[in-house]
Amino acid sequence: MDLKTIGGFIAALRKANGMTQKELAERLNVSDKSVSRWECGDSAPDLSLIPVIAEIFGVSCDELLRGERRSPAARTETADETAPSQKGEKQLRRILAVSLSKFRVRSFIAAGIAAGGLIAAMVCNFGFLRAWLGAFISAVFYLAAFIAQAVFLNNAFLSVSDEDLAPQDTGSFRRSIILLSEFVFAFIALLFAFTLPLVLYPHDTYIGMSKASWFEYGAGFGILTLLAALLICHFLNAVLHKRGVYTLGEKAERIYLHNTKLKRHIALILAAVVVATGIAHALSTELWGPGSIVEGTTFHDYESFVAFMETDVPVDSVVGNGSSASEPVASAPVGEPVYYDEYGNEISEEEAMRRTIKDKNGNVVCEYIDRNHSVSSIRYTPGDGTALPITVVTYDEFYAAQAVVKVRNAVFLVAYCIEVSLAVLVYFLKREK
């Protein structure tokens with residue numbers, strides 16, 4: 001586009017009408033700096049302003065885009081004085097291209113704001129151990145990005161309200177900005193879903209989530225959100241096209257219908273596969289959770305069980321879940337602890353730590369002092385006069401079982417990603433361009 005020619009023509013018309021840049025800017029509801037950039041050839045007016053500028057200076061849109069007045073003889077050669085010439089149409093298409101380029105840059109800015117929200121959440125969670133604070137700050141960023149993209153989309157739509165534009169040109173432009181906006185909105189929703197675990201799953205308001213847990217839950221929420229976004233965009237585009245928000249040429253229309261049908265079929269197949277994988281995932285978690293797959297140590301007599309439970313293993317020496325003996329998971333309190341019974345009477349430590357096991361008739365069949373703090377759980381089935389065998393699970397054994405479950409969850413997560421990736425790949429291979 002010859003921006004300098006158009007800018008010079010606007011400057012000449014303005015001066016011929018005795019107007020300043022500020023006066024013209026006020027009539028167009030823009031800044032005087034925008035008018036200055038037009039006249040310097042650094043940018044062009046939005047398409048919605050072309051008819052207004054032409055009316056102010058008493059010229060046609062074609063003359064304004066060509067950057068020169070047409071002679072009276074040339075004006076009488078065509079019956080329709082306002083019909084744009086080939087050069088004018090070319091200029092309009094170039095302005096559309098410039099507007100689309102500006103919109104892309106602004107969309108990247110909105111996406112960058114959303115990405116800044118995720119970075120802020122990571123800093124708050126990992127740096128300051130404030131999971132909820134990170135989620136709140138990131139939500140502010142996501143909301144700002146959403147509003148910014150909505151404003152950019154609205155301005156882009158208003159910039160192509162000129163009736164002189166061909167329907168296929170405006171249709172292609174509007175479809176491009178709609179698709180790009182959908183991508184940005186889906187990206188914002190994806191980051192928001194990835195941040196949700198900071199609110200839903202932290203152990204405490206003032207304790208951050210671990211990297212593994214955040215990624216595990218965040219990736220799951222993200223995949224579900226991405227699938228929902230794809231489904232929403234599919235139906236939204238169909239509605240917008242049906243209502244004539246954008247129109248396409250004959251060839252583009254045929255390609256659009258073919259690709260829409262292809263997306264529908266692939267989406268249905270993908271949904272069925274993901275649901276089947278999700279059911280398998282849920283069943284495996286329910287049937288083979290950490291408590292189900294952990295083996296523990298089984299005792300067939302009370303003496304060995306009591307000896308194990310009365311082995312003095314303090315809290316500070318319990319190793320598991322990423323801890324080590326040199327980095328205790330808890331600190332011992334200062335001074336001797338005081339114990340009380342259910343009635344508030346002070347009792348000895350041995351009395352406080354005394355445990356019993358009863359059979360199904362309520363008779364005590366085993367009694368021991370619980371000094372082994374490495375024990376996570378005890379499993380047994382009360383019988384008639386006995387409770388043997390007794391299975392004891394330590395924290396290390398339970399954490400090992402948890403690690404196995406996490407690996408299995410990671411495998412299912414990879415399976416989800418592969419399924420979605422294959423669906424996208426098949427679409428891009430079979431779609432028409």
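The model is predicted, so local features need pLDDT of at least 70 and side-chain atom pairs count only at pLDDT 80 or more, while totals for chains, interfaces and linings use all residues. Numbering starts from 1 along each chain as its sequence is written, and side-chain values use heavy atoms, with hydrogens and water left out. The protein chain averages a pLDDT of 82, and 85% of the residues score at least 70; pLDDT is the predictor's confidence in each residue, from 0 to 100.

**Where to be careful**

- Over residues 78-84 pLDDT stays under 50, and the model has 8 contacts beyond four places in sequence for this stretch. A contact here means heavy atoms within 4.5 Å.

**Helices H11 and H16**

- Helix H11 (residues 211-242) packs with helix H16 (residues 395-430) at an angle of about 25°, and their axes are 11 Å apart. That angle makes H11 roughly parallel to H16.
- Some housekeeping on terms: helices (H or I, at least four residues) and strands (E, at least two) are DSSP runs, numbered from the N terminus. Axes are lines fitted to C-alpha atoms, for helices over the stretch in contact, and angles run from 0 to 180 degrees between N-to-C directions.
- Angles under 35 degrees count as roughly parallel, over 145 as roughly antiparallel, 65 to 115 as roughly perpendicular and the rest as oblique.
- The H11 and H16 crossing is left-handed, meaning the near helix is turned anticlockwise from the far one by less than a right angle (clockwise would be right-handed).
- On the H11 side you'll find Phe-215, Glu-216, Ala-219, Gly-220, Ile-223 and Leu-227, which meet Lys-406, Asn-409, Leu-413, Tyr-416, Cys-417 and Val-420 of H16.
- By class, that contact has 8 nonpolar, 2 polar and 2 charged residues (Ala, Val, Leu, Ile, Met, Phe, Trp, Tyr, Cys and Pro count as nonpolar, Asp, Glu, Lys and Arg as charged, and the others, Gly among them, as polar).

**Helices H2 and H4**

- Helix H2 (residues 21-28) and helix H4 (residues 50-57) cross at roughly 125°, with axes that come within 11 Å. H2 and H4 are therefore oblique to each other, and the crossing is right-handed.
- Leu-24, Arg-27 and Leu-28 of H2 meet Val-52, Ile-53, Ile-56 and Phe-57 of H4. The tally for this contact is 6 nonpolar, no polar and 1 charged.

**Two arginines**

- Arg-14 sits in helix H1 (residues 3-16) and counts as buried because its relative accessibility is 8%. The cut-offs are under 20% relative accessible area for buried, over 50% for exposed, and partly exposed in between (1.4 Å probe, protein chains only).
- Leaving aside residues up to four places away in sequence, Arg-14 touches Met-19, Thr-20, Gln-21, Leu-24, Glu-39 and Phe-57.
- Arg-94 is in helix H7 and is partly exposed at 33% relative accessibility. Arg-94 and Leu-3 are 91 residues apart in sequence but 10.0 Å apart in space, C-alpha to C-alpha.

**Backbone details**

- The Leu-388 to Pro-389 peptide bond is cis, with omega near -5°. Pro-389 lies in the loop between strand S6 (375-380) and strand S7 (390-394).
- Leu-129 isn't a glycine, yet has a positive phi of about 55°. Leu-129 lies in the loop between helix H7 (86-128) and helix H8 (131-158), and is partly exposed at 45% relative accessibility.
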